[in-house]
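Colleague: Please walk me through this one, and show me where each label comes from.

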Amino acid sequence: MATLTLIQAVNDALKTAMRDDPDVLVFGEDVGPKGGVFLATDGLTKEFGEERCFDTPLSEDGIVGTAIGMAVNGLKPVAEIQFQDFIFPAFDQIVSEAAKLRYRSGGQYTCPMVIRTPYGGGIRGGLYHSQSGEAYFCHTPGLKVVIPSTPHDAKGLLLASIDDPDPVLFLEPKALYRSVKGEVPEGRYKVDLSTLRTAREGAGVTVFCYGAMVPVALRAAEQAAEKGIECLVVDLRTLLPLDEDGVIDAAKRTGRVVVVHEAPRFCGFGGEISAILAENCIEWMEAPIVRVAGFDTPFPNTLEHHYMPDDRRVLDAIERVWNY
Amino acid sequence: MTATEMYSLIKPDGGVKGKDPKLAPDELLHIYRTMLRVRAFDEVCMKLQRSGRIGFSIPNRGVEATQVGAAAALRKTDWIFPSYRDFGMALYHGVTPTEMMHTMYGNGADCAKGRQMPVHFTFKEPIKFFSISSPIGTHIVQAVGTAHAMRYRKEKNAVLASFGDGGTSSLGFHSGLNFAGVWKSPVVFLCQNNQWAISCPSSSQTASESYAIKAQAYGMPGVLVDGNDVLAVRQVVLDALERARKGGGPTLVEAYTFRMGGHSTSDDPTKYVPKKLLLEWEKKDPVARFERYLAKKKLWKAPLREKIYAECMDEVGDAVKIAEATPPPALETIFSDVYETVPRHIRRQGQAAFDLAARKGDAAAGGGAFPL
């Protein structure tokens, strides 16, 4: 088993999928010979040729729109949007088209496809290279929204997404691209979508998180443990469709819940987790559910480390619900 | 054929300019009957809407030659990415008025299971007639993706993407033509310039000399064709498809025509279409023009129109009876087809809705009036 970074695991997943199936095509801006601005597609054009990994015109609407057309006609497109911040010209194609096609055609036409895109802060990217837009997409029936946090899951979830019969938005935490390493099995394996992962066991406080916030939550949990608070850290991995039963179960196990995400708090995914728990197991709650999130402001550049939830803020929330 | 000089075949008196395509009589009469079938379907749907039996329809009067002419150029293995005003394309290829009427009613036999407004057809047989969505221009770029898949697999098929003059202002038009030009995709873009985007005239869409000339900027040929000349449209689209099949890449065809009815049954065109202009275009009626051609071929004489139209009205009338007798979709259809497998949260919501219906009865149906 190789030790890979998260971006290497993404690359490995793409190569694995392309080796297994000639209908898998990878395309987007600069994904060809350059291998992508983060090198997620490094070496693909060389190994599979320009017909299977290629650069497109600079148009997110065109990338996703053509991916839909390819998918309805039998190919398996894996489109890259260079930064999630630039996905909005394709919002119509994703939300109005890809997500609704199966439904609106009475099941006659479908578009199994993957849109990969790096999201989140931590690289000094400012307003337009740092956003976490998952909530926009989680409000879209028909779409799946997947966010890995480890190299193992990045590969297994991406392979599962490529095989999935429905369109998947695969959000990659760019802050973790090279900052996490882990063991990744060779060849094909899948991590089931809509299953959460217990990242740390604990009976004191449940911390729900995903993507780049998982290592942050784990660091906070480490510090909490030193203070005698054992945290159950849950990596949601798939936000839509969410493993609701798993979420409810994990919350009941401690009765104290913190939800962490980088995206702005208002109408963020943490609100949905809070509502699910309030509707299903409020009587189990020993303390108010606390959200730790990005501020309800645009994403700043120089002070991004203040904007993004860090172990300091997460630990503070853990202590608040513990001491309530 | 050029982007600024309009190509036509049938002269106003029914004679032929240039080379007669010499279609078999059966084919000519199928084209003619399809145009009348569209017209009959329109007339019935207008009455159904006015009497409150369906909520909405889209009139096709005036643009039948463009729809049917383009459809006649396609093979069954080609794909159509239609606009909402393309009834004639489906009918030409053998979709039945009954199948279409089910969608007008949104009943349990509707191809979209009652999920879409009337008119938003989806068919896979007898030709790929891609699912229509309401946003304008989104399908243009999707058509390029489908064409790209054909090219990738080295098939000899091609795609027809149809849209109106308003559609040329959309993001999808630009992305679609740009991608197709770069990729040399086997796709024919058919801009049906019926001169109106609901109430907005063509002059509010573009300052360009023609729509067809926009092709030049995307590195593909543009052809302006008389959209009221069914054989000219067929010829131009056929030539473009042949070029596409041979790897020659895409073409933008602008069919210059006129929408003689409203945008939809919810629209009153007398508010914005000058009466004089309408009368002018009434004289260019595509059905009458084709009749003069058929007459010269000894395939038409009065009262053939009345005879065929009456047959079409009977067909559509039967379709209405069948559609009205078909029950609405089951409650379950709200919750299926969102994903291949119904996820737990949707399953729960569905179960709650079924339980509520069992306890308190069905929800009250709405009035069915579309306010546009």
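This is a predicted model: local features need pLDDT of at least 70, side-chain atom pairs count only at pLDDT 80 or more; totals for chains, interfaces and linings use all residues.

Colleague: How do you know what span helix α1 of chain B should have?

Modeller: Helices here are DSSP runs of H or I with at least four residues, strands are runs of E with at least two, and both are numbered from the N terminus. The expected span is 1.5 Å times one less than the number of residues. With 26 residues (25–50), α1(B) should span 38 Å, and its end C-alpha atoms are 37 Å apart, which agrees. Just after α1(B), Gly52(B) has a positive phi of about 80 degrees.

Colleague: Why are α1(B) and α10(B) called oblique?

Modeller: Helix α10 of chain B covers residues 304–325, and it packs against α1(B) at an angle of about 50 degrees with the axes 9 Å apart. Axes are lines fitted to C-alpha atoms, for helices over the stretch in contact, and angles run from 0 to 180 degrees between N-to-C directions. Under 35 degrees counts as roughly parallel, over 145 as roughly antiparallel, 65 to 115 as roughly perpendicular, and the rest as oblique. The α1(B)–α10(B) pair is therefore oblique.

Colleague: What makes the contact between α1(B) and α10(B)?

Modeller: Residues are in contact if their C-beta atoms, placed from the backbone, lie within 7 Å. On α1(B), the contact residues include Leu36(B), Phe41(B) and Leu48(B), and among those on α10(B) are Ile308(B), Met313(B) and Val320(B). By class, this contact has eleven nonpolar, one polar and three charged residues. (Ala, Val, Leu, Ile, Met, Phe, Trp, Tyr, Cys and Pro are nonpolar, Asp, Glu, Lys and Arg are charged, and the others, Gly among them, are polar.)

Colleague: What are α1(A) and α7(A) to each other, oblique or roughly parallel?

Modeller: The axes of α1(A) and helix α7 of chain A (residues 151–163) come within 8 Å and cross at roughly 30 degrees. The two helices are therefore roughly parallel. Their crossing is right-handed. Among the residues making the contact are Leu6(A) and Ala13(A) of α1(A), and Leu158(A) and Ile162(A) of α7(A). That contact has ten nonpolar, two polar and two charged residues.

Colleague: What makes β3 and β12 of chain A edge strands?

Modeller: Two strands pair if DSSP finds at least two bridges between them. The seven strands of this open sheet run β3-β2-β4-β5-β7-β6-β12 in chain A, with mixed pairing. β3(A) (53–55) and β12(A) (238–240) each pair on one side only, hence the name. The twist averages 20 degrees from one strand to the next.

Colleague: How do you know that β6(A) and β12(A) pair?

Modeller: β6(A) (residues 144–146) and β12(A) share two bridges, in the antiparallel sense, and the partner of Val145(A) is Leu240(A) in β12(A). Helix α1 of chain A (residues 6–20) packs on that sheet, touching β2, β4 and β7 of chain A, with its direction at about 135 degrees to that of β2(A).

Colleague: Which strands lie at the edges of the chain B sheet?

Modeller: That open sheet has six strands in the order β2-β1-β3-β4-β8-β7 of chain B, with parallel pairing. Its edge strands are β2(B) (128–129) and β7(B) (222–226), each pairing on one side only. Inside the order, β4(B) and β8(B) pair in the parallel sense over six bridges, and Asn193(B) stands opposite Tyr256(B) in β8(B).

Colleague: Where are Pro126(B) and Pro303(B)?

Modeller: Pro126(B) sits in the loop between α4 and β2 of chain B, joined to Glu125(B) by a cis peptide bond with omega about 0 degrees. Pro303(B) is in the loop between α9 and α10 of chain B, with a cis bond to Ala302(B), omega again about 0 degrees. Val119(B) has a positive phi of about 85 degrees although it is not a glycine, and it lies in the loop between α4 and β2 of chain B.

Key. Residues are numbered from 1 along each chain as its sequence is written. Chains are lettered from A and ligands numbered from 1 in the order in which they are written. Two residues are in contact if their C-beta atoms, placed from the backbone, lie within 7 Å. A crossing is left-handed if the near helix is turned anticlockwise from the far one by less than a right angle, and right-handed if clockwise.
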